[in-house]
Amino acid sequence: MTVSDLKPILGKIKGEILWSEPLSRHTTFRVGGPADVLFYPKNVSELATVFSRVVQYQIPYFILGQGSNLLFPDEGFQGVIFNLSHFDGIEILERDSKAVRIKVQAGIDKKRLLNWTIERGFSGLEFLSGVPGQIGGGLFMNAGCFGDFSKIAEKICLMNEAAKIEELPIRSCDFSYRSQSFCKNKIIIASVFRLNYEKKEILKARVQKLLDDRKEKQPFGYPSCGSTFKNPPDTLAGRLIETAGCKGYRVGDAEVSKKHANFIINHGHATSRDILAIIDYVKKRVKETHSVELEEEVIVVQSRRTKAETV
């Protein structure tokens, strides 16, 4: 079965459907060839209808948020890409004198959610300051700066490959560095967070300090995916890359940032091949110089994919 077999189903869908859509328009790296189908379901029912057929027909699929930690190939993606941007609700479930529990849909923008909590005096999501993308992708990657989701996440709502909804409790031990254990071959629909109370002025000052720190240390103004490599135990990937002499190394229009060595930036016309060539070079140099095997933090997507991932 191929994507063309989905046309009778997609023809009845109200959500937006883009055919042969360049993925360079949907990633922060600004690279990537066309996806066969990019689908924005309006609701859970539409998602379930299409997702069940995709699994039934064994069509490759991928879950795309704002593309902030992805490297798609120049050839594009042969299959269906789901984007849950319409899943952007926030609901206060309960609150008492000590804490508040909120339910957050996976497609909401991290910055919007952070601002929403700050305005209401809810503390716990400040680690998302300056971190791009949607909450679903953040949970999948356990993303964050100066913190992560392990201390606030209580429950996760998922769609499995039978297109059924599962609600599962989650614990801090379900998260690890840039990873989690609950989302294999499933789509994150929503999550429940437990947040504390804090004065708005204190929260705003805390967030501003985190933003200032990021702006001082990280390159802004060029497309990138953020940190390219995971930090090895007891050290920083950027420090290893810099001391291995890789700052400023360039292939085509892709370059290891001169400001922060763990960032690869796109000067305007970089290709996925250019970036992959830099990744391979940096890993080789760090291995030769420090005897350390760097592991990519960026998800390098193949042109065909059969298991769900979210970013």
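Let's start with the count: this chain has seven helices and 18 strands. Helices (H or I, at least four residues) and strands (E, at least two) are DSSP runs, numbered from the N terminus. The model is a predicted one: local features need pLDDT of at least 70, side-chain atom pairs count only at pLDDT 80 or more, and totals for chains, interfaces and linings use all residues. Residues are numbered from 1 along each chain as its sequence is written, and side-chain values use heavy atoms, with hydrogens and water left out.

First, the overall shape. The C-alpha atoms fill a box of roughly 55 × 50 × 30 Å along the principal axes. Of the 311 residues, 53% count as buried. Buried means under 20% relative accessible area, exposed means over 50%, and partly exposed is in between (1.4 Å probe, protein chains only). The chain exposes about 14300 Å², and carbon and sulfur atoms supply 48% of that. These areas come from the Shrake-Rupley method with a 1.4 Å probe; for residues, only the protein chains shown count as cover.

Next, contacts. A contact means heavy atoms within 4.5 Å. Take the contacts between residues at least 6 apart in sequence: 66% of them join residues at least 24 apart.

And charges. Lys and Arg count as positive, Asp and Glu as negative; His and the chain ends are not counted. Each charge is placed at NZ of Lys, CZ of Arg, CG of Asp or CD of Glu. How far apart are the mean positions of the 45 positive and 37 negative charges? They are 2 Å apart.

On to the strands. Strands of a sheet pair through backbone hydrogen bonds, either parallel or antiparallel. Here, two strands pair if DSSP finds at least two bridges between them.

Look at strand 6, residues 90-95, and strand 7, residues 99-105. Five bridges join them, and they run antiparallel. They form a hairpin with three residues between them. Find Ile92: it stands opposite Ile102 in strand 7.

Move along to strand 9, residues 153-159. Five of its seven residues are buried, so the strand is mostly covered. Which strands pair with strand 9? One is strand 13, residues 187-197, antiparallel over six bridges. Cys157 stands opposite Ala190 there. Another is strand 10, residues 165-169, also antiparallel, with five bridges. On that side, Lys155 stands opposite Pro169. Strands 9 and 10 make a hairpin with five residues between the strands. In that hairpin, Ala163 takes a positive phi near 65°.

Four strands stand in the order 14-17-16-15, with antiparallel pairing. Strand 14 (224-227) and strand 15 (250-251) are at the edges, each with a single partner strand, so one side of each is left without a neighbour in the sheet. Two bridges join strand 14 to strand 17, residues 263-266. Ser227 stands opposite Phe263 in strand 17.

Let's turn to the loops. Between strand 8 (122-123) and helix 4 (135-141) you will find Phe127. Is Phe127 buried or exposed? Phe127 is buried, because its relative accessible area is 6%. Leave aside its neighbours within four places in sequence. Phe127 is then in contact with residues including Cys145, Phe146, Phe149 and Ile152. Asn43 is another matter: it lies 84 residues from Phe127 in sequence and 29 Å away in space, C-alpha to C-alpha.

Gln134 is in the loop between strand 8 and helix 4. Gln134 also counts as buried, at 6% relative accessibility. Not counting residues up to four places away in sequence, Gln134 touches Gly65, Gln66, Asn83 and Ser85, among others.

Last, backbone angles. Most residues other than glycine have a negative phi. Asn142 has a positive phi of about 50°. Asn142 is found in the loop between helix 4 and strand 9, and at 1% relative accessibility it counts as buried. Asn185 also has a positive phi, near 60°. Its place is the loop between strand 12 (179-180) and strand 13. Asn185 is buried too, with a relative accessible area of 17%.
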